[in-house]
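I opened this one to go through some helices, the contact between the chains and the database spans. My notes follow in the order I looked things up.

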Amino acid sequence: MKSDRIKFLVFALVVLLVPLPLSGGYLTNVLIFVGINSVLALGLNLLLGYAGQISLGQAAFFGLGAYGSGVLTTTYGLNPWLAMIAVAVCVGLFAFAIGFPVLRLKGHYLAMATLGVGVIVNIAFNETVELTGGPSGLSGIPNLSIGSLTFDSDLKNYYLVWVFALGMILLSLNLVNSRFGRGLRAIHDSEIAARVMGVNARLMKVQVFTLSAVMSAIMGSLYCHVMTFISPNSFGFHFSVEILTMIVIGGLGSVYGSVLGALLLTLLPEMLRTFQDYDIIVYGLLLITMTIYLPGGLVEGIPALLRRLVPARKVREGSDA
Amino acid sequence: MELLNQVTQFVISGLATGSIYALIGLSFAIIFNSTGIINFAQGEFVMLGGVLTIFSLNVLHLPLIAAILAAVAVTTVIGIVFERLAIRPLKNATPLMLIIITIGASILIRGLVMLLWGKDTQALPAFSGTDPISVAGATLLPQHLWIFGVTVLVIIGCRLFFNHTISGKAMRACSFNRRAANLVGISVGRMVLFSFVISAAVGALAGVIIAPLTMTAYDVGVMLGLKGFCAAIMGGMGSGLGTVLGGLILGTLESLGAGLISSGYKDAIAFFILLLILFIRPQGLFKKGETERV
């Protein structure tokens, strides 16, 4: 437990110090999105990696957060912070309501149902033109501010996003080590066995689904205020798959794995600018090869590789002596 | 009278797209029944059918019939490669892993097609002209007839294959009980490969016959695949008439909804139906419920 706390403190310190040598340049901007994607990946990981329930509609909750905040602050002039809270509550209620019928389904059917929800929400973004601006998007969303401090630069937004992200990472770390987290893992291994042991599987699945939706919605709100422009394309099926790829690469069932996956998959397209739209080829290959050869993701793969290297050296030293 | 004519028109085009959904639904069910896998890359087979035919026709200058055969053959080979490289290496895979892998395969295929042939929407010429035929105040295109004809033939072919050939019966045996099938000497691995072959071919054929009506591009597979899945779910994931009916009902409802309510929400209608069925009758419209097996 104590080492967990130290690990988190080191992680938080690194996160808070990283932008200082970058002096607000382009990389800082990319790292803002690493923060947002980390939380999205983390939300899905709680659901998929811990509770074993897949969702291919995570981008929809992210989008609902972004559009909710965007519309409430621009069209209706609501205070951005109030809007963020209101939207988070509404998305939570929505997820809770659809969670019961959706999460009764298993495996492939669950995947298809969540995908269906995601597609319907995305179509709604495109079609409710008067409210959302339709395919051409919604612009002129204000930046967030506290008193006289307006989050209008990359550096300020970096700290804004990452304070939220660190909070949610800490919350998730505590959650997975709690009674609730153990219940989720029990559901993952065998839902029927978990229910026999007194875990209220049906309710817990909906609760973790709701939590992941609310986390995504809050990130959506932040995203729209950071970007000041949003369009439906950012919240489609493609992005849901991207979030899935992040946690498959980072590590299913690992909080830091989610962050690692988000970091890699956000930096990768930036470094390989020539790829542009073809990044889906890389994602496809990664999804297939990682699942076949490294189902635990990099978080498990790297230490396993190190372990394989370290004892090998010991054996050699032994034979020398 | 005006409205009646319109409705007839919507029903005709709905039945045509519904036939396509039925074929795609069948191709889902064939793989599902022999492997328990829902192949998320199924829609890409459909897309490949259309795109490859256009390529063979325009670039290789093959005659139409040869172009179609080539497209179906190449898609089938891709199905085989997919099964060998991505499905077979996994022993004891969980449904979750299979979902992730087939999604990976689907975006990989989509990406490669985009890389090779670009993002443009292309049209395949109609097989026998576009002179409309007037039926009961509505118009029917020759391509509609092709779609109905091919669908009926494929369904009859599947039925004969699964009921009257050794391979077909062996595949059905695998779907009932894999271990028992193995014990009586059926090579389950080969049957799984077979199911990918048939499924890819049927999917590709569906893609070919719809391409003249709806145009085709690298990204049409997602929607077509999902709607085919919806048809299969309506039919209870069987490879029989239930799926065909499911496809026809879905196509007709979608066409009526798009025509009479709003065309922008056309795709949403299909997904709404999908969710409704998953919530209320996940065992399909025409099947009795089964108890959960532990």
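I started with α12(A): 14 residues, reaching 20 Å from first C-alpha to last, close to the 20 Å expected at 1.5 Å a residue. I'm keeping in mind that this is a predicted model.

Is α12(A) enclosed or open to the outside? I found 13 of its 14 residues buried, so α12(A) is largely enclosed by the rest of the structure.

Next I ran the length check on helix α14 of chain A, residues 279-293. Its 15 residues should span 21 Å at 1.5 Å a residue, and I get 21 Å between the end C-alpha atoms, which agrees. I also looked for buried positions in α14(A); among them are A:Ile280, A:Tyr283, A:Gly284, A:Leu287 and A:Thr291. A reminder to myself: an α-helix has 3.6 residues a turn, so residues three or four places apart point the same way.

Then the contact between the chains. I count 32 residues from chain A and 34 residues from chain B. Which helices of chain A each supply at least two residues to the side that touches chain B? They are α6 (107-127), α12 (237-250) and α14. The largest share, 11 residues, comes from α6(A). By class, I have this side of chain A down as 24 nonpolar, six polar and two charged residues.

On to the UniProt record, an unreviewed entry. I checked both against the model. Residues 243-268 of chain A are 85% helix and 0% strand, with end C-alpha atoms 14 Å apart. Residues 280-299 of chain A are also 85% helix and 0% strand, but there the ends lie 23 Å apart.

For chain B the entry, again unreviewed, has "transmembrane region" spans that include 144-162 and 183-211. I find 144-162 of chain B to be 100% helix and 0% strand, its end C-alpha atoms 27 Å apart. Span 183-211 of chain B comes out at 86% helix and 0% strand, with 44 Å between the ends.

Last, the largest nonpolar core, 193 residues. Which members touch the most others? I got B:Ala204, B:Leu205, B:Cys230 and B:Leu274. I followed up B:Ala204: leaving out residues up to four places away in sequence, B:Ala204 touches B:Phe45, B:Val46, B:Leu48, B:Gly49, B:Ala71, B:Val72 and B:Thr75.

Notes: Residues are numbered from 1 along each chain as its sequence is written. Chains are lettered from A and ligands numbered from 1 in the order in which they are written. This is a predicted model: local features need pLDDT of at least 70, side-chain atom pairs count only at pLDDT 80 or more; totals for chains, interfaces and linings use all residues. Helices (H or I, at least four residues) and strands (E, at least two) are DSSP runs, numbered from the N terminus. The expected span of a helix is 1.5 Å times one less than its number of residues. A residue is buried if 20 or more other C-beta atoms lie within 10 Å of its own, exposed if 12 or fewer, and partly exposed in between; C-beta atoms are placed from the backbone. Two residues are in contact if their C-beta atoms, placed from the backbone, lie within 7 Å. Ala, Val, Leu, Ile, Met, Phe, Trp, Tyr, Cys and Pro count as nonpolar, Asp, Glu, Lys and Arg as charged, and the others, Gly among them, as polar. A nonpolar core is a set of buried Ala, Val, Leu, Ile, Met, Phe, Trp, Tyr and Cys residues joined through C-beta atoms within 7 Å. UniProt positions are given in the numbering used here, feature names are shortened, and annotations may be inferred rather than shown by experiment.
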